[in-house]
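Here are some notes on the model you asked me to look through.

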Amino acid sequence: MRYAILGTTQAFRDDGTPVPLAGLRLRALLTALALRPGRLITAEALIDELWADDPPANASGALQALVARLRRAIGHDAIGSADGGYRLCAAPEAVDAHRFERLVDEGGRALADGDPVKASDLLEDALALWRGAAFADLPDRDTLAVRCEELRLEAVRLRLTAGLALGRAAQQLPELAGLAAAHPLNESLRALHIRALRDAGRTADALTAYEDVRRDLADELGTDPSAELRALHTELLNPAQDSGREPALPAGAEPAPGPPPAPAAARRSGNARARLTSFVGRSAELDAIREDLAAARLVTLTGPGGTGKTRLSQETGDLLRDRWPDGVWYAELAPVSDPRTVPEAVLTSLGLRETLLHPASVTEQALGAEGKTKDPARMLAEYCASRSLLLVLDNCEHVIGAAAALAEQLLAHCPDVTILATSREPLGVPGERLRPLDPLPDPFALRLLADRGAAARPGFTVEDDPVACAELCRRLDGLPLAIELAAARLRSLTPRQLANRLDDRFRLLTGGSRTVLPRQQTLRAVVDWSWDLLDPAERSLLRRLAVFAGGWTLEAVEEVCSGDGIDAADAAALLGSLVDKSLVLADLTDDGARYRMLETIAEYAAERLDESGERAVVEGRHLRCFREYIRIADPKLRGSEQLLWLARVEREHENLRVALRRAVELGDEQEALYLLLACGWFWEMRNYYTEQLTWPAAVAALGPDPFDEPPVLEPVERGPLETPPPMGREQLDEARRWVRMMRFVTNEGGMETRWGEPEVARIGRAIIEAYPPHLPQTARRPGLMSPFAAFLSGEFERLPELADNLVLSCREFGGPWELAFALQIRAKTLNDVTEKLDQSMADVRESRELFAQVGDRWGMTEALAAEAEACSNSGQWERSAECCREAITMARELGSHQQVPLLKVRLADMIVNIGDAEAGETMLRAAIEDADEIGPAAGGSAFYGRVLLCAMLARRGTSTRATPWSTRCWPSRRSASRRSSRGCCAGSRAG
């Protein structure tokens, strides 16, 4: 885990994904612990930091509950406890504030050692860690944050000092002017500002700035400038004494002998131009490119349009210019329309057209004599053959073949030439080293928005609306150009107004700088440029990819996007080409490659798909592809490959949602039934409660009510999902019953309050009638849900009979999984009947063995829960606790987090019965918090937990502490009754 407290507190897993931290107080607790990682902090100190002067009545209990919530969020092992206190089990390096201090210290030492390049990189990395005010979630942050804020200002000063040493005075002047105005009495910053003015050639302005600081110090403090400022003033008044100048020679003295002057061309150091804006982030990329250029003579920066490849190549050249004696030369190829003129464009960039008017060197004289007839590429190779230089070929994608040919020729004939290329696809030259450039990570994207936004609208800061600004950067994919275009719109729109209008981003994000290339002035032009470079088949594939949501696999592309000009056998090559051209991103996983598009590219592709008239056809193929995908995946979710297929279905869940939505919108009942019923089990296991509530009603509305007519009591040999469409009449009736039973089991609209009502009772009796034990359909879904009908009909006394019938039917017609399912249902119905406990235990053991036989960990979890309940009822506390712990571990492995609260409530009860009341109470409070966070999907866990907690506190003689909990029990009664029904028919929402 990594922790970020320089801004709103965040926690990140090892893979970089954020951990949800709901609530200011929870984040404040993590902040307080992260300030001192690895150190024990007393409960009293934490209470003081979390509540300052207003602690709650039971502060100790409130702190325990917060710690329990934090452990659930970031992992139990992440928070240690001992001797009445808590510690964050992490190294200082895992916390951004401590990492910031280390980087600043290393940057300062590097600067003192004369390495401004290293210092600049370290300090950039340090400052990039800041996302807002330090320790923002602590109630009393001001006292604690003072030192950190001061160190941040020192880091800025050191970074600017390194920048001056690297010759970036002109670029840094705007930032230094702002800092000088904000800190008028900080003499170090004022001195730095004056130096930057001097180094930028603005000596008069530097003298004026000195006079300003002298006056400010006199007026505010009544003091004179420091010795450093006075010495700087002397240098400004006597520039000849500057140590950077050659000392004047005495009259009549001869200069010392030295090497002859170099030829004019050899003294030229390149054609870099001053940058007009600051450079944000990319320090890691700069380090990587530096290493690439040390190891290879051709390095190509690739990435989507707008990721900042050009600017990064310029910064790289500026940073490394001393490595090549003949300089760094930039050749801008974007204006080149004819690939044959690429060598001429590079010649012009090197200044050879101008140089040849007045040739100085022998080589140039020869070029001048032959220039009119000689091949430009050959001229360029001869010129560069004896030189050591870095040639930056910028924007090669539209002349990729010509740029590749020229690069290969130069590398072959010019041993001391190195080439840095930027392109949306590789050059494909032997020895090429690729450096893909990803969009900016969130902290740097926010910094860029803050910087460009403040330039467009003085006074703008991302802290005014951090949520909207973060949404802007995320939805713009961290593309620097898109963020800069959005920042320009901040002159007239707020961040929230901008974020709310990003669905129309191509119309909104226009009006970029008038001085850049036309293709960089609007977001649409950026993507149009890439589109125009595609061949017809690539365009067809790109626009068809817009039907996917959340990514896709190659197999899905072959099925969905082939036809009408694209052969399935060519899909892999075409997809690879789009990856090479940075329009599609490839993520390699242990389960194979998965592909996705940035949101901006996906929206553009969707527009092109609409224009093509292909949308309906391609969406139809997408629907059928994912209907078959989930139909085939459904049984695998209950077998030995359960964890693998859970992960796969999770990755495709967005595609499944889209397919189901399309089926409902089209009114295609059968397709909708297939998708809904096959997704149901996954939704139950992964707690997609909203889907379970929403979609059954929408799909049921597409067809007639099967309970309006008496059931046909004939054997149905195949279930609704066992064959692809179309369903036969019997299968369709089964599917229609299934979807309506899902509605009742998910308890839409508080169904338990209507149990026994005439209409609901009619449906309950119809379900019982439709699934007698002698029919094979009773032994598979949806027949497995038939015991639940006892609740709907109000005939609760029939529950044991229906459970017995279900077991009989499954023994005759079902497979091992179906029998295991029926047995654990019956076990739960018998757990509260003392004389039936032996039968319950026998069912549990057989169920668990069968689930283990087929490899269903969900089933094993349910069987363990049933065994825990049976052992509890028979007084076997230790075994019950052991079963609960095993079940909790399995449920978490499966991602079935909605099952955990009830298991923890039961475990807490067992711990109390074993004799550890304090540990039991702590766990019980944590379980109630879990249930409250999960909501209705946790069933009656919160109610059950509060009832137990009230009883526990009352038994211990603390009735005053029990009273608040007892009053909170009653709102949970409805969910409790729902849980009681689900307890006897676990998993029936999908089953």
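1. Let me begin with Arg-452, which counts as buried at 11% relative accessibility (buried is under 20% relative accessible area, exposed over 50%, partly exposed in between, with a 1.4 Å probe and protein chains only). This is a predicted model, where local features need pLDDT of at least 70 and side-chain atom pairs count only at pLDDT 80 or more, while totals for chains, interfaces and linings use all residues. Residues are numbered from 1 along each chain as its sequence is written, and side-chain values use heavy atoms, with hydrogens and water left out.

2. The side chain of Arg-452 meets that of Glu-484 in a salt bridge, 3.0 Å from N to O (a side-chain nitrogen of Lys or Arg within 4 Å of a carboxyl oxygen of Asp or Glu). Glu-484 belongs to helix H21 (residues 480–489) and Arg-452 to helix H19 (residues 442–456), so this pair ties together parts 32 residues apart in sequence. (Helices are DSSP runs of H or I with at least four residues, numbered from the N terminus.) Glu-484 is partly exposed, at 30% relative accessibility.

3. Across the whole structure, the search finds 70 salt bridges. One of them joins Glu-862 and Lys-828 at 2.4 Å, N to O. Glu-862 sits in helix H40 (residues 857–873) and Lys-828 in helix H38 (residues 816–830), so that pair links distant parts of the chain, 34 residues apart. Are these two residues buried or exposed? Both Glu-862 and Lys-828 are buried.

4. Salt bridges also form a network here, linking Arg-848, Glu-867, Arg-879, Glu-882 and Glu-886.

5. A further salt bridge brings together Asp-216 and Arg-190, at 3.2 Å from N to O. Asp-216 is in helix H9 (residues 203–221) and Arg-190 in helix H8 (residues 187–199), so the pair ties together parts 26 residues apart in sequence. Asp-216 is partly exposed, with a relative accessible area of 23%, whereas Arg-190 is buried, at 8%.

6. H9 itself deserves a look. Its 19 residues should span 27 Å at 1.5 Å a residue, and its end C-alpha atoms are 27 Å apart, which agrees (the expected span is 1.5 Å times one less than the number of residues). The buried residues of H9 are Ala-206, Ala-209, Tyr-210, Val-213 and Leu-217. Seen down the axis, they fall within an arc of 105°, so they line one face of the helix (the arc is that of the directions from the helix axis to the C-beta atoms). They pack against H8 and helix H10 (227–237), with contact meaning heavy atoms within 4.5 Å. On the other side of H9, Ala-204 and Asp-219 are exposed. Just after the helix, Gly-222 has a positive phi of about 70°.

7. There are 15 aromatic pairs in the structure (rings of Phe, Tyr and Trp, the last by its six-membered ring, with centres within 6.5 Å; planes under 30 degrees apart count as stacked, over 60 as edge-to-face and the rest as tilted). The ring centres of Tyr-629 and Trp-645 are 6.0 Å apart and their planes lie at 50°, so this pair is tilted. Ring pairs join both to Phe-548, Trp-552 and Phe-626 in a cluster.

8. Trp-645 is buried, at 10% relative accessibility, and the charged end of Arg-648 sits over its ring, 4.8 Å from the centre (NZ of Lys or CZ of Arg within 6 Å of the ring centre and within 35 degrees of the ring normal). Likewise, Arg-638 lies over the face of Trp-681, at 5.6 Å from the ring centre.

Notes:
Helix = DSSP H or I, 4+ residues; strand = E, 2+ residues; numbered from the N terminus.
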